Amino acid sequence: MTITERSTDNATDIAVVGFAHAPHVRETFGTTNGVEMLQPCFQQLYDQLGITKSDIDFWCSGSSDYLAGRAFSFISAVDTIGAVPPINESHVEMDAAWAMYEAWVKLRSGQARTALVYGFGKSSAGTLRQILSMQLDPYLVTPLWPDSLSIAGLQARAGLDAGRWSERDMAAVSRAHRTGGTSVDDLLAGPYVADPLREHDIAPITDGAAAIVLAVGDRARELCERPAWITGMSHRIDSSALGGRDLTVSPSTQAAAHAVTGGDTSGIDIAELHAPFSHQELILAEAIGLDKRTRVNPSGGALAGNPMFAAGLERIGYAAKEIMAGTAERALAHATSGPALQQNLVTVLDSEAGR
């Protein structure tokens, strides 16, 4: 689904003005409703922007009841916000990048001037690779229980067999986002986890949360010296039938990217790509049409930290942070949800001068 993807109306210009995230850790010792992770994020944004809860017109969150292990888990997460004063709130059962899409639409329609979007996930509470099987076709595929690593392995193998990339290409992606002096050869010497995927090809289990504040027009300029203006946002979906699409390419990413860039990606300084597996970064970069002048995942991407249902929102936050810091004039952010890059959202952000 998409609406007018390239914003040109000054009355509904919307920008990211604040971004905060919880530390990326292997395990947190708290509840699965995200309250302990979210509270510091909210407070950081309040302090950073000089606002209070009363200054937020609309709230929207992304999470998963399956991951939390309880029904309507997002309701208990609202405890982070507080009961007074009452709020206008919504939720999506997927990565919070799609919650940001909903908030963007809300602001574009003139129903609010500010919004706070957040997402959270405690992946350590269960066996993530099995939990994600619940995203699959409930009649024909889920009963077979193919886990998320096995599906990603099938995708990687398809690309290797088709000659679209090599295991060395995959290792080079992983090495680019790792700290330390590990060489590509050292990475390739490691054992397989889900052939042809090695440990370095797979995003780590990560507990985490993230939050972004959006604001309209002059309100954005009041809150932030260098707002990151959203000049395009679109999402597309590929078939849920794994055998019904070519897993080595991402038509939905290509379509979403073209909708917001018009096919011209030459001026993009950085791109934050939500690629939980090394080969998926290769697929996404090709689908979007990025050239070598664009810095890809300077944050480290999902391979450095992959908090479920917040990692996609983090890609937008990290991209916006570069613009707000003055280290980029134009940035692209991508988020994915579902198996083997099934659903994809692309956002373009520009500085005031770059619009």
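At what angle do helix 4 and helix 12 pack, and how far apart are their axes? Helix 4 (residues 96-108) and helix 12 (residues 311-325) pack at about 60°, with axes 6 Å apart. This is a predicted model, in which local features need pLDDT of at least 70 and side-chain atom pairs count only at pLDDT 80 or more, while totals for chains, interfaces and linings use all residues. Residues are numbered from 1 along each chain as its sequence is written, and side-chain values use heavy atoms, with hydrogens and water left out.

**Helix packing**

- Axes here are lines fitted to C-alpha atoms, for helices over the stretch in contact, and angles run from 0 to 180 degrees between N-to-C directions.
- Helices (H or I, at least four residues) and strands (E, at least two) are DSSP runs numbered from the N terminus.
- Helix 4 and helix 12 are therefore oblique to each other (angles under 35 degrees count as roughly parallel, over 145 as roughly antiparallel, 65 to 115 as roughly perpendicular and the rest as oblique).
- Ala96, Ala97 and Met100 of helix 4 meet Gly312, Leu313 and Ile316 of helix 12, where contact means heavy atoms within 4.5 Å.
- By class, the contact of helix 4 with helix 12 has five nonpolar residues, one polar and no charged (Ala, Val, Leu, Ile, Met, Phe, Trp, Tyr, Cys and Pro count as nonpolar, Asp, Glu, Lys and Arg as charged, and the others, Gly among them, as polar).
- The axes of helix 6 (residues 148-161) and helix 11 (residues 278-288) come within 9 Å and cross at roughly 55°; helix 6 and helix 11 are therefore oblique to each other.
- Helix 6 passes helix 11 in a left-handed crossing (left-handed if the near helix is turned anticlockwise from the far one by less than a right angle, right-handed if clockwise).
- In that contact, helix 6 supplies Ala152, Gln155 and Ala156, and helix 11 supplies His279, Gln280 and Ile283.
- The contact of helix 6 with helix 11 holds three nonpolar, three polar and no charged residues.
- Helix 11 also packs with helix 10 (residues 251-261), at an angle of about 40° and with axes 8 Å apart; that makes helix 10 oblique to helix 11.
- The crossing of helix 10 and helix 11 is right-handed, and the contact is made by Thr253, Gln254 and Ala257 of helix 10 with Leu284, Ala287 and Ile288 of helix 11.
- By class, the contact of helix 10 with helix 11 has four nonpolar, two polar and no charged residues.

**Pockets**

- On a 1 Å grid over the protein atoms alone, a cavity is a set of points where a 1.4 Å probe fits but cannot get out, and a pocket is an open set with protein on both sides within 12 Å along at least five of seven lines; lining residues have an atom within 4 Å of a point.
- Grid points are joined across faces, edges and corners, and a volume is the space filled by probe spheres set on the points.
- The largest pocket has a volume of about 630 Å³ and is lined by 38 residues, of which Leu128, Leu132, Ser148, Phe277 and Asn306 lie nearest its centre.
- Helix 5 (128-131), helix 6, strand 11 (306-307) and strand 12 (330-337) are the elements giving two or more residues to the lining of the largest pocket, and the largest share, five residues, comes from helix 6.
- The lining of the largest pocket divides into 20 nonpolar, 14 polar and four charged residues.
- The second largest pocket has a volume of about 320 Å³; of the 16 residues that line it, Arg178, Glu199, His200, Ile202 and Leu303 are the closest to its centre.
- The lining of the second largest pocket divides into six nonpolar, six polar and four charged residues.

**Cavity**

- A search of the whole structure finds one cavity of 30 Å³ or more, and about 30 Å³ of space lies in the largest cavity.
- Thr32, Ser64, Leu67, Ala68, Phe120, Gly121 and Lys122 line the largest cavity.
- Helix 2 (65-68) and strand 4 (114-122) are the elements that give two or more residues to that lining, with the largest share, three residues, from strand 4.
- The lining residues of the largest cavity divide into three nonpolar, three polar and one charged.

**Backbone features**

- The peptide bond from Val84 to Pro85 is cis, with omega near -5°; Pro85 is in the loop between helix 3 (73-77) and strand 3 (89-92).
- A cis peptide bond also joins Asp195 and Pro196, with omega about 10°, and Pro196 is in the loop between strand 5 (192-194) and strand 6 (197-198).
- Phe72, a residue other than glycine, has a positive phi near 50° and is in the loop between helix 2 and helix 3.
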